[in-house]
Amino acid sequence: MGICVYFILFSLIFKDIIMATDNQPHTVVDGVEEHDAGMSKKKIWTVFYYLLALTCIEFIIALGFVHSGILERGLLVNIIYIVLTLIKAYYIIAYFMHLKFERLGLVLILGLSLILIVYFIILLFIEGSYLGLHIY
Amino acid sequence: MSTNLSQLDEVKTGRWSGGRNPLSVEYGKLMIWIFLVSDTFTFSAFLIFYGAQRFAQPNWPNPDIIFESIPYITEHGTPLVFVGIMTFILIMSSVTMVLAVEAGHRNSRKEVIKWMIWTIIGGLTFLGCQALEWAHLHHEGFWFGAIPDAYRGELEQSSIQFSSLFFTITGFHGFHVTTGIIINIIVLFMTLANVFERRGTYLMIEKVGLYWHFVDLVWVFVFTLFYLV
(Lines give C-alpha, C1' and ligand atoms only; values in the text may rest on other atoms or scores of the structure.)
Protein backbone atom coordinates (compact mmCIF):
# COMPACT_ATOMS: atom_id res chain seq x y z
CA MET A 1 0.00 0.00 0.00
CA GLY A 2 2.83 2.37 0.87
CA ILE A 3 4.40 1.74 -2.51
CA CYS A 4 1.07 2.54 -4.17
CA VAL A 5 0.95 5.88 -2.33
CA TYR A 6 4.48 6.62 -3.50
CA PHE A 7 3.60 5.89 -7.12
CA ILE A 8 0.55 8.12 -6.98
CA LEU A 9 2.54 10.96 -5.42
CA PHE A 10 5.38 10.69 -7.90
CA SER A 11 3.05 10.57 -10.86
CA LEU A 12 1.51 13.76 -9.49
CA ILE A 13 4.95 15.35 -9.21
CA PHE A 14 5.84 14.46 -12.78
CA LYS A 15 2.48 15.63 -14.03
CA ASP A 16 3.12 18.93 -12.34
CA ILE A 17 6.54 19.22 -13.95
CA ILE A 18 5.17 18.54 -17.40
CA MET A 19 2.19 20.83 -17.03
CA ALA A 20 4.18 23.62 -15.50
CA THR A 21 6.58 23.88 -18.42
CA ASP A 22 3.84 24.92 -20.76
CA ASN A 23 2.92 28.20 -19.12
CA GLN A 24 4.05 31.74 -19.76
CA PRO A 25 7.72 32.73 -19.73
CA HIS A 26 9.20 33.53 -16.32
CA THR A 27 12.09 35.72 -15.41
CA VAL A 28 14.96 33.47 -14.44
CA VAL A 29 17.37 34.36 -11.62
CA ASP A 30 20.11 31.83 -10.90
CA GLY A 31 18.11 29.11 -12.55
CA VAL A 32 15.20 29.73 -10.22
CA GLU A 33 12.04 31.06 -11.76
CA GLU A 34 10.73 34.06 -9.93
CA HIS A 35 7.03 33.54 -9.43
CA ASP A 36 4.53 36.07 -8.24
CA ALA A 37 4.86 37.05 -4.61
CA GLY A 38 1.31 35.89 -4.07
CA MET A 39 0.89 37.79 -0.80
CA SER A 40 -0.12 41.41 -0.89
CA LYS A 41 -0.26 43.46 2.30
CA LYS A 42 -4.02 43.28 2.30
CA LYS A 43 -3.98 39.50 2.06
CA ILE A 44 -1.47 39.23 4.93
CA TRP A 45 -3.79 41.18 7.22
CA THR A 46 -6.77 39.11 6.07
CA VAL A 47 -4.96 35.92 7.09
CA PHE A 48 -4.00 37.58 10.38
CA TYR A 49 -7.66 38.31 11.12
CA TYR A 50 -8.57 34.70 10.31
CA LEU A 51 -5.93 33.48 12.79
CA LEU A 52 -7.14 35.96 15.40
CA ALA A 53 -10.75 34.91 14.90
CA LEU A 54 -9.89 31.23 15.24
CA THR A 55 -7.96 31.91 18.46
CA CYS A 56 -10.91 33.93 19.76
CA ILE A 57 -13.27 31.03 19.05
CA GLU A 58 -10.94 28.77 21.05
CA PHE A 59 -11.03 31.25 23.92
CA ILE A 60 -14.80 31.56 23.81
CA ILE A 61 -15.13 27.79 23.98
CA ALA A 62 -12.55 27.49 26.77
CA LEU A 63 -13.71 30.37 28.94
CA GLY A 64 -17.36 30.81 27.96
CA PHE A 65 -18.42 27.20 27.73
CA VAL A 66 -15.97 24.85 29.42
CA HIS A 67 -14.88 27.03 32.34
CA SER A 68 -18.41 28.05 33.21
CA GLY A 69 -19.57 24.47 33.05
CA ILE A 70 -21.90 24.50 30.03
CA LEU A 71 -19.73 21.98 28.19
CA GLU A 72 -17.82 19.09 29.75
CA ARG A 73 -14.11 18.74 29.13
CA GLY A 74 -13.85 15.70 26.94
CA LEU A 75 -13.66 14.22 23.50
CA LEU A 76 -16.05 16.62 21.76
CA VAL A 77 -14.34 19.78 23.00
CA ASN A 78 -10.90 18.34 22.32
CA ILE A 79 -11.84 17.50 18.74
CA ILE A 80 -13.11 21.06 18.23
CA TYR A 81 -9.84 22.47 19.62
CA ILE A 82 -7.70 20.22 17.45
CA VAL A 83 -9.68 20.96 14.29
CA LEU A 84 -9.38 24.71 14.96
CA THR A 85 -5.63 24.28 15.57
CA LEU A 86 -5.20 22.39 12.32
CA ILE A 87 -7.06 25.13 10.43
CA LYS A 88 -4.71 27.69 12.01
CA ALA A 89 -1.72 25.55 11.07
CA TYR A 90 -3.01 25.38 7.50
CA TYR A 91 -3.25 29.17 7.25
CA ILE A 92 0.24 29.65 8.68
CA ILE A 93 1.85 27.06 6.41
CA ALA A 94 -0.08 27.88 3.25
CA TYR A 95 -0.02 31.68 3.38
CA PHE A 96 2.64 32.86 5.84
CA MET A 97 5.12 30.17 4.85
CA HIS A 98 4.04 30.61 1.26
CA LEU A 99 3.71 26.90 0.58
CA LYS A 100 0.45 27.35 -1.31
CA PHE A 101 2.28 29.26 -4.01
CA GLU A 102 5.11 26.73 -4.44
CA ARG A 103 5.29 23.92 -6.96
CA LEU A 104 3.11 20.91 -6.23
CA GLY A 105 6.27 18.77 -6.24
CA LEU A 106 7.69 20.63 -3.25
CA VAL A 107 4.35 20.56 -1.45
CA LEU A 108 4.19 16.80 -1.82
CA ILE A 109 7.80 16.22 -0.78
CA LEU A 110 7.18 18.13 2.44
CA GLY A 111 3.63 16.90 2.93
CA LEU A 112 4.43 13.20 2.64
CA SER A 113 6.46 13.19 5.85
CA LEU A 114 3.64 14.97 7.65
CA ILE A 115 1.17 12.30 6.55
CA LEU A 116 3.51 9.70 8.06
CA ILE A 117 3.62 11.70 11.31
CA VAL A 118 -0.18 11.48 11.51
CA TYR A 119 0.19 7.71 11.22
CA PHE A 120 2.76 7.80 14.03
CA ILE A 121 0.39 9.86 16.21
CA ILE A 122 -2.45 7.37 15.75
CA LEU A 123 -0.15 4.45 16.58
CA LEU A 124 1.14 6.02 19.78
CA PHE A 125 -2.32 7.06 20.96
CA ILE A 126 -3.48 3.48 20.59
CA GLU A 127 -0.38 2.41 22.50
CA GLY A 128 -1.11 5.03 25.16
CA SER A 129 -4.66 3.88 25.78
CA TYR A 130 -3.43 0.27 25.90
CA LEU A 131 -0.96 1.28 28.62
CA GLY A 132 -3.72 3.15 30.42
CA LEU A 133 -5.92 0.07 30.46
CA HIS A 134 -3.31 -2.52 31.37
CA ILE A 135 -0.62 -0.89 33.50
CA TYR A 136 -1.96 2.04 35.49
CA MET B 1 36.97 27.67 -26.93
CA SER B 2 33.61 26.44 -28.10
CA THR B 3 35.25 24.29 -30.75
CA ASN B 4 36.90 22.28 -27.94
CA LEU B 5 33.61 21.46 -26.29
CA SER B 6 32.45 17.95 -26.86
CA GLN B 7 28.80 17.28 -27.17
CA LEU B 8 28.67 15.97 -23.60
CA ASP B 9 29.85 19.28 -22.20
CA GLU B 10 27.13 21.32 -23.80
CA VAL B 11 24.64 22.88 -21.44
CA LYS B 12 21.45 20.90 -21.54
CA THR B 13 18.27 22.82 -21.98
CA GLY B 14 15.71 20.07 -22.51
CA ARG B 15 12.85 19.50 -20.12
CA TRP B 16 14.02 16.03 -19.07
CA SER B 17 17.78 16.60 -19.20
CA GLY B 18 18.20 19.08 -16.41
CA GLY B 19 17.30 22.20 -18.32
CA ARG B 20 14.54 23.06 -15.92
CA ASN B 21 14.45 23.44 -12.15
CA PRO B 22 11.88 20.87 -11.04
CA LEU B 23 10.97 22.43 -7.68
CA SER B 24 11.63 26.01 -8.65
CA VAL B 25 12.99 27.04 -5.26
CA GLU B 26 16.42 28.37 -4.49
CA TYR B 27 18.89 25.96 -2.84
CA GLY B 28 18.89 27.62 0.58
CA LYS B 29 15.12 27.80 0.71
CA LEU B 30 14.79 24.11 -0.10
CA MET B 31 17.33 23.32 2.62
CA ILE B 32 15.53 25.37 5.27
CA TRP B 33 12.32 23.55 4.36
CA ILE B 34 14.03 20.19 4.78
CA PHE B 35 15.46 21.38 8.10
CA LEU B 36 12.01 22.45 9.25
CA VAL B 37 10.60 19.04 8.37
CA SER B 38 13.30 17.39 10.49
CA ASP B 39 12.53 19.85 13.28
CA THR B 40 8.88 18.90 12.95
CA PHE B 41 9.92 15.34 13.70
CA THR B 42 11.56 16.41 16.95
CA PHE B 43 8.59 18.45 18.13
CA SER B 44 6.18 15.75 17.00
CA ALA B 45 8.09 13.20 19.04
CA PHE B 46 7.72 15.38 22.14
CA LEU B 47 4.08 16.17 21.56
CA ILE B 48 3.19 12.60 20.62
CA PHE B 49 4.72 11.36 23.86
CA TYR B 50 2.68 14.00 25.68
CA GLY B 51 -0.47 12.82 23.89
CA ALA B 52 0.29 9.18 24.64
CA GLN B 53 0.67 10.07 28.33
CA ARG B 54 -2.67 11.87 28.28
CA PHE B 55 -4.20 8.67 26.94
CA ALA B 56 -2.33 6.44 29.34
CA GLN B 57 -2.88 8.32 32.61
CA PRO B 58 -6.24 7.87 34.33
CA ASN B 59 -6.31 11.54 35.36
CA TRP B 60 -4.52 14.80 34.56
CA PRO B 61 -4.03 18.10 36.45
CA ASN B 62 -6.53 20.74 35.34
CA PRO B 63 -4.76 23.39 33.21
CA ASP B 64 -7.40 25.99 34.15
CA ILE B 65 -6.12 25.78 37.72
CA ILE B 66 -2.40 25.56 36.96
CA PHE B 67 -2.30 28.48 34.52
CA GLU B 68 -4.63 30.92 36.25
CA SER B 69 -2.38 33.85 37.10
CA ILE B 70 -1.31 37.02 35.36
CA PRO B 71 2.11 38.14 36.62
CA TYR B 72 2.05 41.40 38.63
CA ILE B 73 -1.73 41.63 38.32
CA THR B 74 -3.52 38.69 39.87
CA GLU B 75 -2.66 35.28 41.21
CA HIS B 76 -5.95 33.43 40.84
CA GLY B 77 -9.07 33.12 38.78
CA THR B 78 -7.91 34.22 35.34
CA PRO B 79 -7.17 31.09 33.32
CA LEU B 80 -5.82 31.47 29.78
CA VAL B 81 -5.58 35.26 29.84
CA PHE B 82 -1.80 35.52 30.13
CA VAL B 83 -1.13 32.76 27.60
CA GLY B 84 -3.68 34.42 25.33
CA ILE B 85 -1.58 37.58 25.39
CA MET B 86 1.54 35.52 24.65
CA THR B 87 -0.16 33.80 21.71
CA PHE B 88 -1.31 37.13 20.35
CA ILE B 89 2.23 38.55 20.60
CA LEU B 90 3.71 35.60 18.73
CA ILE B 91 1.08 35.67 15.96
CA MET B 92 1.62 39.42 15.70
CA SER B 93 5.38 38.97 15.29
CA SER B 94 4.68 36.36 12.63
CA VAL B 95 2.63 38.94 10.77
CA THR B 96 5.38 41.56 10.97
CA MET B 97 7.81 38.91 9.68
CA VAL B 98 5.62 38.18 6.68
CA LEU B 99 5.36 41.93 6.08
CA ALA B 100 9.17 42.08 6.11
CA VAL B 101 9.25 39.29 3.53
CA GLU B 102 6.71 41.17 1.42
CA ALA B 103 8.82 44.34 1.66
CA GLY B 104 11.84 42.24 0.63
CA HIS B 105 10.01 41.19 -2.54
CA ARG B 106 9.71 44.87 -3.42
CA ASN B 107 13.42 45.42 -2.54
CA SER B 108 12.37 48.09 -0.05
CA ARG B 109 15.27 48.18 2.40
CA LYS B 110 13.67 50.72 4.74
CA GLU B 111 10.49 48.71 5.26
CA VAL B 112 12.42 45.46 5.73
CA ILE B 113 14.38 47.10 8.55
CA LYS B 114 11.22 48.47 10.16
CA TRP B 115 9.37 45.14 10.13
CA MET B 116 12.43 43.14 11.20
CA ILE B 117 12.81 45.38 14.26
CA TRP B 118 9.13 44.84 15.14
CA THR B 119 9.57 41.09 14.72
CA ILE B 120 12.56 41.07 17.07
CA ILE B 121 10.65 43.13 19.63
CA GLY B 122 7.73 40.69 19.41
CA GLY B 123 10.02 37.71 19.88
CA LEU B 124 11.76 39.25 22.89
CA THR B 125 8.41 40.12 24.49
CA PHE B 126 7.19 36.58 24.03
CA LEU B 127 10.37 35.23 25.56
CA GLY B 128 9.99 37.58 28.51
CA CYS B 129 6.40 36.41 29.06
CA GLN B 130 7.55 32.82 28.96
CA ALA B 131 10.25 33.57 31.53
CA LEU B 132 7.56 35.04 33.81
CA GLU B 133 5.38 31.97 33.31
CA TRP B 134 8.29 29.65 34.13
CA ALA B 135 9.25 31.69 37.18
CA HIS B 136 5.65 31.61 38.42
CA LEU B 137 5.33 27.84 37.99
CA HIS B 138 8.74 27.24 39.54
CA HIS B 139 7.70 29.41 42.47
CA GLU B 140 4.59 27.24 42.89
CA GLY B 141 6.75 24.12 43.02
CA PHE B 142 6.64 22.78 39.49
CA TRP B 143 9.97 21.95 37.91
CA PHE B 144 11.52 19.11 35.89
CA GLY B 145 10.32 16.06 37.82
CA ALA B 146 9.04 18.12 40.75
CA ILE B 147 5.49 19.03 41.76
CA PRO B 148 3.89 21.08 44.55
CA ASP B 149 2.71 19.18 47.60
CA ALA B 150 -0.92 19.93 46.77
CA TYR B 151 -0.62 17.56 43.82
CA ARG B 152 0.65 14.59 45.83
CA GLY B 153 -1.64 11.62 46.13
CA GLU B 154 -3.98 10.61 43.36
CA LEU B 155 -2.64 13.12 40.83
CA GLU B 156 1.05 12.54 41.66
CA GLN B 157 2.12 10.42 38.71
CA SER B 158 0.32 12.44 36.03
CA SER B 159 1.42 15.73 37.59
CA ILE B 160 5.08 14.71 37.42
CA GLN B 161 4.60 13.79 33.76
CA PHE B 162 2.82 17.09 33.20
CA SER B 163 5.48 19.30 34.75
CA SER B 164 8.43 17.51 33.15
CA LEU B 165 6.77 17.58 29.73
CA PHE B 166 5.64 21.18 30.10
CA PHE B 167 9.12 22.46 30.93
CA THR B 168 10.80 20.27 28.33
CA ILE B 169 8.48 21.19 25.46
CA THR B 170 8.04 24.90 26.20
CA GLY B 171 11.76 25.02 26.97
CA PHE B 172 12.62 23.50 23.61
CA HIS B 173 10.21 25.90 21.95
CA GLY B 174 11.71 28.81 23.87
CA PHE B 175 15.14 27.70 22.68
CA HIS B 176 13.85 27.90 19.12
CA VAL B 177 12.46 31.37 19.76
CA THR B 178 15.85 32.41 21.15
CA THR B 179 17.76 31.15 18.12
CA GLY B 180 15.10 32.72 15.90
CA ILE B 181 15.66 36.10 17.54
CA ILE B 182 19.44 35.75 17.18
CA ILE B 183 19.10 34.87 13.50
CA ASN B 184 16.66 37.76 13.02
CA ILE B 185 19.14 40.16 14.61
CA ILE B 186 21.94 38.87 12.36
CA VAL B 187 19.77 39.32 9.29
CA LEU B 188 18.72 42.79 10.47
CA PHE B 189 22.38 43.79 10.70
CA MET B 190 23.03 42.29 7.27
CA THR B 191 20.20 44.41 5.91
CA LEU B 192 21.61 47.49 7.64
CA ALA B 193 25.02 46.70 6.12
CA ASN B 194 23.43 46.61 2.65
CA VAL B 195 24.40 42.97 2.07
CA PHE B 196 21.12 42.09 0.37
CA GLU B 197 21.08 45.35 -1.55
CA ARG B 198 24.42 44.35 -3.11
CA ARG B 199 23.24 40.77 -3.60
CA GLY B 200 20.23 42.09 -5.45
CA THR B 201 17.72 39.89 -3.66
CA TYR B 202 16.14 39.79 -0.23
CA LEU B 203 15.64 36.02 -0.36
CA MET B 204 17.46 35.61 2.98
CA ILE B 205 14.58 37.42 4.72
CA GLU B 206 12.25 34.80 3.29
CA LYS B 207 14.38 31.92 4.60
CA VAL B 208 14.61 33.43 8.08
CA GLY B 209 10.88 34.09 7.86
CA LEU B 210 10.22 30.41 7.24
CA TYR B 211 12.02 29.53 10.45
CA TRP B 212 10.17 32.21 12.39
CA HIS B 213 6.77 31.05 11.13
CA PHE B 214 7.68 27.52 12.09
CA VAL B 215 8.29 28.69 15.66
CA ASP B 216 4.86 30.31 15.62
CA LEU B 217 3.35 27.14 14.18
CA VAL B 218 4.80 25.01 16.97
CA TRP B 219 3.40 27.43 19.54
CA VAL B 220 -0.08 27.04 18.05
CA PHE B 221 0.13 23.33 18.83
CA VAL B 222 1.76 23.75 22.24
CA PHE B 223 -0.93 26.26 23.19
CA THR B 224 -3.77 23.93 22.23
CA LEU B 225 -2.31 20.79 23.74
CA PHE B 226 -1.08 22.23 27.05
CA TYR B 227 -3.49 25.05 27.81
CA LEU B 228 -6.77 24.09 26.18
CA VAL B 229 -7.09 20.31 25.93
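A salt bridge is a side-chain nitrogen of Lys or Arg within 4 Å of a carboxyl oxygen of Asp or Glu. By this rule, the predicted model holds nine salt bridges over all chains. Side chains of opposite charge can pair when their charged atoms come close.

## Salt bridges

| Lys or Arg | Asp or Glu | N to O distance |
|---|---|---|
| B:Lys29 | A:Glu102 | 2.9 Å |
| A:Lys88 | A:Glu58 | 3.3 Å |
| B:Arg106 | B:Glu111 | 3.2 Å |
| B:Arg152 | B:Glu156 | 3.3 Å |

The pair formed by A:Lys88 and A:Glu58 has its closest N and O atoms 3.3 Å apart. This pair links distant parts of the chain, since A:Lys88 lies in helix α3 (residues 75–96) of chain A and A:Glu58 in helix α2 (residues 41–66) of chain A, 30 residues apart. A:Lys88 counts as buried because its relative accessibility is 0%. A:Glu58 likewise counts as buried, with a relative accessibility of 0%.

Within chain B, the side chains of B:Arg152 and B:Glu156 meet in a salt bridge at 3.3 Å. B:Arg152 has a relative accessible area of 41% and is therefore partly exposed. B:Glu156 is also partly exposed, with a relative accessible area of 29%. Salt bridges that share partners join A:Lys41, B:Glu102, B:Arg106 and B:Glu111 into one network.

The size of an interface is often given as the accessible area lost when the parts come together. Between chain B and chain A, the buried area is about 5,200 Å², and carbon and sulfur atoms give 75% of this area. Three residues, B:Arg20, B:Trp33 and B:Ile48, supply 12% of the area that chain B buries against chain A, more than any other three residues. Chain B brings 54 residues to the contact, and chain A brings 54 residues.

Two salt bridges are counted between chain B and chain A. One salt bridge joins B:Lys29 to A:Glu102, with the closest N and O atoms 2.9 Å apart. The count of residue pairs in polar contact between chain B and chain A, both at pLDDT 80 or more, is four.

Several helices contribute to the side of chain B that touches chain A: α1 (27–56), α2 (63–66), α3 (81–105) and α7 (203–228) of chain B each supply at least two residues. The most comes from α1(B), with 13 residues. By class, this side of chain B has 31 nonpolar, 14 polar and nine charged residues.

B:Phe221 is found in helix α7 of chain B. Apart from neighbours within four places in sequence, B:Phe221 is in contact with A:Thr85, A:Leu86, A:Ala89 and B:Leu47. B:Phe221 is partly exposed because its relative accessible area is 26%. The C-alpha atoms of B:Phe221 and B:Ile121 are separated by 22 Å, and the two residues are 100 residues apart along the chain.

## A buried serine in chain B

B:Ser159 lies in helix α5 (residues 156–192) of chain B. With a relative accessibility of 0%, B:Ser159 counts as buried. Leaving aside neighbours within four places in sequence, B:Ser159 is in contact with B:Pro61, B:Ile147 and B:Tyr151.

## Cysteines

The count of disulfides over all chains is zero. A disulfide requires a pair of cysteine sulfur atoms within 2.5 Å. The sulfur of A:Cys56 is 17 Å from the closest cysteine sulfur, in B:Cys129, and is therefore too far for a bond. For the sulfur of B:Cys129, the closest cysteine sulfur is that of A:Cys56, at 17 Å, again too far for a bond.

Methods: Residues numbered from 1 in each chain as written. Chains lettered and ligands numbered in written order. Predicted model: local features only at pLDDT ≥ 70, side-chain atom pairs only at ≥ 80, totals over all residues. Heavy atoms only, no water. Helix = DSSP H or I, 4+ residues; strand = E, 2+ residues; numbered from the N terminus. Buried < 20%, exposed > 50% of the residue type's maximum accessible area, 1.4 Å probe, protein only. Contact = heavy atoms within 4.5 Å. Buried area = accessible area lost by both parts, 1.4 Å probe. Polar contact = N/O pair within 3.5 Å; in protein donor to acceptor, adjacent residues only side chain to side chain. Nonpolar A, V, L, I, M, F, W, Y, C, P; charged D, E, K, R; others polar.
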